[in-house]
Amino acid sequence: KPGGLAFAGDTAAAAVTWGVNAVNCAVATAAAHGVPTDLPVYFASDSNHTAAYMVHDFPHAPQGHGADGAAPAADRAAPVRLATTDTRREPLHIDYGGWRGRPPR
């Protein structure tokens, strides 16, 4: 749908901060439950620009945290592999007038 927030300046910085926090949270939660932390993390966003930046352009891959929440030593921390959907188009939102499917209740 057209509109939304532009992925630039303070808005982009906030989106990336939230994205990195989300990825680190996912890795910490996986570690706390014995899930291997070298598996890719699926990254979803309302913004295809945010998802594309996090998956393809983020200059330093987010670093996983240990189960205790402490960041591991930089030389031991493997970059987190991120996966997402096709980022060339904005995801379809359920409030979009052309949405077809079960209407929200």
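**Histidine 49 and the rest**

I started at histidine 49, which is partly exposed with a relative accessible area of 48%; the scale is buried under 20%, exposed over 50% and partly exposed in between, with a 1.4 Å probe and protein chains only. Histidine 49 sits in helix α2. I then checked its distance to alanine 15, 34 residues away along the chain, and the C-alpha atoms are 9.8 Å apart.

A note on the source: this is a predicted model, where local features need pLDDT of at least 70 and side-chain atom pairs count only at pLDDT 80 or more, while totals for chains, interfaces and linings use all residues. Residues are numbered from 1 along each chain as its sequence is written, and side-chain values use heavy atoms, with hydrogens and water left out.

**Whole chain**

I looked up the layout and got two helices and two strands, in the order α-β-α-β along the sequence. Helices (H or I, at least four residues) and strands (E, at least two) are DSSP runs, numbered from the N terminus. Of the 105 residues, 24% count as buried. I also looked at contacts (heavy atoms within 4.5 Å): among those between residues at least 6 apart in sequence, 65% join residues at least 24 apart.

**Helix α1**

Next I took α1, residues 9-32. Its 24 residues reach 35 Å from first C-alpha to last, close to the 34 Å expected at 1.5 Å a residue; the expected span is 1.5 Å times one less than the number of residues. I listed its buried residues, among them Ala12, Gly19, Asn24 and Ala30. The buried residues of α1 pack against β1 (41-42), α2 (48-57) and β2 (82-83). Just after α1, I noted glycine 34 with a positive phi of about 75°.

**Aspartate 38**

Last entry: is aspartate 38 buried or exposed? I found it exposed, with a relative accessible area of 53%. Aspartate 38 lies in the loop between α1 and β1. Its C-alpha is 8.8 Å from that of valine 27, eleven residues away along the chain.
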